[in-house]
Every structure is written in structure tokens, then in C-alpha cells.
Amino acid sequence: MEKIKGFVSEIRNFGNLSFIIIRNGYNNVQVTLIKKENEELFNIVKTLTKESVIEVIGEKKISNQAMNGFEIIPTEINILSLSKTPLPIDLSESINTGFDNRINNRFVDLRKEKVRSIFEIRSKFVKATVDFFDNNGFLNINTPKIVSGGVESGAELFKIDYFGRNAYLSQSPQVYKEMMIAAGFNKVYEIGTVFRAEKSNTTRHLTEFTGIDLEIAFIESEHDIISIIEKYFIHTFSYVKENCKKQFEILGIDLKVPTSLPVITMTELKLLLKERNKFLLPEDDLDPESEKMCSEISKEKFNSDFLVVLEYPFSVRPFYHMCKKENVTKSFDIIYNGVEIATGAQREHRVEVLKNQIISKGINPIDLNYYINMLSYGMPPHGGIGLGLDRIIALMLNLKNTKEATLFPRDPERLTP
Ligand code: 4AD
Ligand code: MG
């Protein structure tokens, strides 16, 4: 006797014969009912609705016609939970339509193979991330998400009431990962929630996302960070490709594993952009259009989906990025399939230089006392990077919106589910 439990994904009635398809994960099992053999059970099927959860006890019979080559002839059917009809979303629809309605009913949407596959790949990607950092001597850390301020210029803070005082949701673990370097740990990383009060409704912005952040002591330059992150991407991409074959097949993705991360300076890049009629000033940041063009350039020039852009101007970077000369920082972004997925830099660890940088950003050094203090009792030269997990997964899987790679996304309009 077999016992099968799962969701009813299909009910087909042919007068004297009916089939129920029970879905459990990716497994589908056919239950075959013949009226004249068991009329009572046959009538139960008439009351069943799609997506109900049932338990079937019966005999397994080899059958060429049934999916997986066998069917279950039931002796008992128990309805564990009857589903309401109609369903709030059509489970057969393509994953890229009716987005809002899908997210409103995310727990039903997640029953689709394609949607489920995204999160199984994401889960394995996180496992590969943890393995990589663990095998390379990194300390796993968890830092506060309720904070008194932030250091990422441009990224706005969510204000919260903290027992009558103003507090904020953390926009980056930046200060804390650097504090761990000041504490004498050479390599630290965190996978944690990052909050950004950016009122932008784009396909790349979430107000709450998962950041993968790391910080390394005693680096010679930002290139030490790039070289670690190159190994990281080779490892994580190879790992998911190898361990999520079925999921990639369901999504129709033939994942390209990087063999290296090509680099280009901002000045070189802006010249190439100019050739494509995209004109940016030396002090300009890359806008979404230029990031898109970066990927075309990288595909043509380096046969790569990745591009590391070096030497961002200080004018578009936070105060703590180290400068190598006037308005040129030792910082970089990683662009993957046309979108920024990471920002990294060597940090300015010399207190006096840092104070000047703070002042030149128009910030009062007193407001950053806690940061200056952290550098004041012995601080190794150091640097790090912050990666956006949701964006990496969305771009890897060619999803139209970063929110597709987030279970329960948050944007300026959405607070539920
Ligand atoms: O570029 P960001 O703001 O850099 C930092 O937070 C620095 N502390 C990192 C460092 O160590 N220097 O954020 C890092 C990454 C971005 O490249 C992007 O992938 C992701 O986080 N990210 C977002 N993802 C989704 N929605 C948003 N609103 C995001 N903002 C940043
Ligand atoms: Mg950035």
C-alpha cells in the first residue's frame, strides 16, 4: 500500500473514469478512479476542488499511460484541506504576467514550478556563499539593524520610534564590518537585511533587500577585493549550475559561469560610451542606460556577462572611499547583465585624510565622531564590498524584475504580504 499526500493539481472526469493529479514539490502522481470499482470514492472526487490538500492510500500499478509510468488505485481518499474556488491566480499563467496579483497571492504563486525554482536556486546560491566564505577564513557576523544613523550617502534611512528616541533601519552594515576590522578580525562577512528608503519604483530597487557584505584587512589595494570576489563568483555560479540542473531546465536558463571578471577604468569606459553616443562628464556616475551599455561592451570586448568598473569619481562616492588622486577613488562597481550588483572599495583608514574627505562632502566631522573614533586606536588598511543578492539572482535567471527573486518583496507601495 502506498500513501501519497499533496495538492490536487488536476482533476479530470470522463464519466465512468476520473484522474486526480497530486503534486508534492516537483513530484506529480496520478490517481485513477473507476466508477464501477469503487463508487463511493468516485463520488468523493466530484466534491474535490483544485489545490485542495489530500491524502490517498492505495495500490501502485505500473501503467504506460500514466505520468512517471505508474498510477495509484485508491482504497481511501482523505481531504485534509478543501481549497476555495476559484483560485486567486491562474497557476498555469506565465510567470511574467499579472505581477501585483501574483505577489498579493504569493503563497499560491510559489506553487508554480518556475517560481519555486527561483528560490531553490537562491537557496543553493546562499549555501555556496556561506561555504566559500567559510572555506576562505571569513568570520560570519550579524550586525544591528536598528541604528542611530547611516554612512551611505544617497541611500535614505527609514526612521523608527525607539522608545521615544529617533532610530533608523540599517542601510548597510558598513560601519560594523569595519569595526570588526578595527577589532582585529582579518576577514568578515554578513548576509543580512538592508533597508533603503528610496521612493523609486524601478525593476531594480527594493526598500528591503538581502545584502552580502564582506570586509578584509591588510589589503594592498581594491584589486585584492576584486580578486576574492572573482573566485567567489566562479565558485557560486559553478555550484548552482551543478546542483540546480532541474531548476535551470525548468526556467530555460543555460547559466554561463564566469572564468574571470574583466576590469575597465571609468575613464576608458566613458570613452567607449562616447563612441556609442552616450556622453558622460568625468564627474558623472553611470546611469541605468550606461550600465546596460556596459554589458554590451563587456560581451563584445571580453565575452563576459560581468564588468568591473574601476576608479569612480569621489563626487559620486561616500566619504569613506579611499582616493588615489583628485576625484578618483579606489572603488569599483560590478555590473552583471546590465545592472549594478555590487559596490566595493578600499576604505580611507588614515584619520586626518578621512576628516578632510568628510569636510569636502559638506558633512560636519562631529556628526561622524563614532566613525572617526573607530579609526583612532589602530586600524589596518582595509576594504570590502557589498553585493545585492536579490539582483544577482534576478539577473542570473533573466527575470524582468528584481522582486521576482524576492519571496515577499517590499517597495514604496507594498507592505503585504
Ligand atoms: O552600492 P551599495 O549602496 O553599497 C553599499 O552599501 C556599500 N556599503 C558597499 C561596500 O561595501 N562598499 O549597495 C550594495 C549593493 C548594490 O550594488 C546593489 O546590488 C544592492 O546592494 N542594492 C540594492 N538591491 C535592491 N534594491 C535596492 N534598493 C538596492 N540598493 C543597493
Ligand atoms: Mg552602489
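What is the strand order of the open sheet of eight strands? Hold that thought for a moment, everyone, while I cover the ground rules.

This is a predicted model, where local features need pLDDT of at least 70, side-chain atom pairs count only at pLDDT 80 or more, and totals for chains, interfaces and linings use all residues. Residues are numbered from 1 along each chain as its sequence is written, chains are lettered from A and ligands numbered from 1 in the order in which they are written, and side-chain values use heavy atoms, leaving out hydrogens and water.

Back to the sheet. The order is E6-E10-E11-E18-E17-E16-E13-E12, and the pairing is mixed. Strands here are DSSP runs of at least two residues and helices, H or I, are runs of at least four, both numbered from the N terminus; two strands pair if DSSP finds at least two bridges between them.

Now to ligand 1, which has 22 residues around it, counting any residue with a heavy atom within 4 Å. The closest are Glu152, Gln174, Glu340, Ile341 and Arg347. By class, the shell holds six nonpolar, seven polar and nine charged residues. Our sheet comes back here: strands E11 (208–217), E17 (339–346) and E18 (382–388), along with helix H5 (174–182), each supply at least two shell residues.

Which polar contacts can I point to? I'm using N or O pairs within 3.5 Å; within protein, one atom must be able to donate a hydrogen and the other to accept it, and sequence neighbours count only if both atoms are side-chain atoms. One ligand oxygen is 2.8 Å from a polar backbone atom of Ile341. An oxygen of the ligand also lies 2.9 Å from a side-chain N or O of Thr343, and a ligand nitrogen is 3.3 Å from a side-chain N or O of Ser172. Taken alone, ligand 1 exposes 620 Å², and the protein buries 93% of that, by Shrake-Rupley with a 1.4 Å probe, where for residues only the protein chains shown count as cover.

Next, a hairpin. E2 (residues 17–24) and E3 (residues 27–34) pair antiparallel over eight bridges, and Arg23 stands opposite Asn28. Two residues lie between these strands, and Gly25 takes a positive phi near 65 degrees. E3 also pairs with E5 (residues 70–81), this time parallel over two bridges, with Val31 opposite Ile72.

Let me finish with some backbone details. Most residues other than glycine have a negative phi, and most peptide bonds are trans. Phe218 has a positive phi of about 60 degrees, and Phe218 sits in the loop between E11 and helix H6 (222–243). The Thr85 to Pro86 bond is cis, with omega near -10 degrees, and Pro86 is in the loop between E5 and helix H2 (99–104). Thr416 and Pro417 are also joined by a cis bond, omega about -5 degrees, in a segment where Pro417 follows helix H12 (389–396). Thanks, everyone!

Conventions: Ala, Val, Leu, Ile, Met, Phe, Trp, Tyr, Cys and Pro count as nonpolar, Asp, Glu, Lys and Arg as charged, and the others, Gly among them, as polar.
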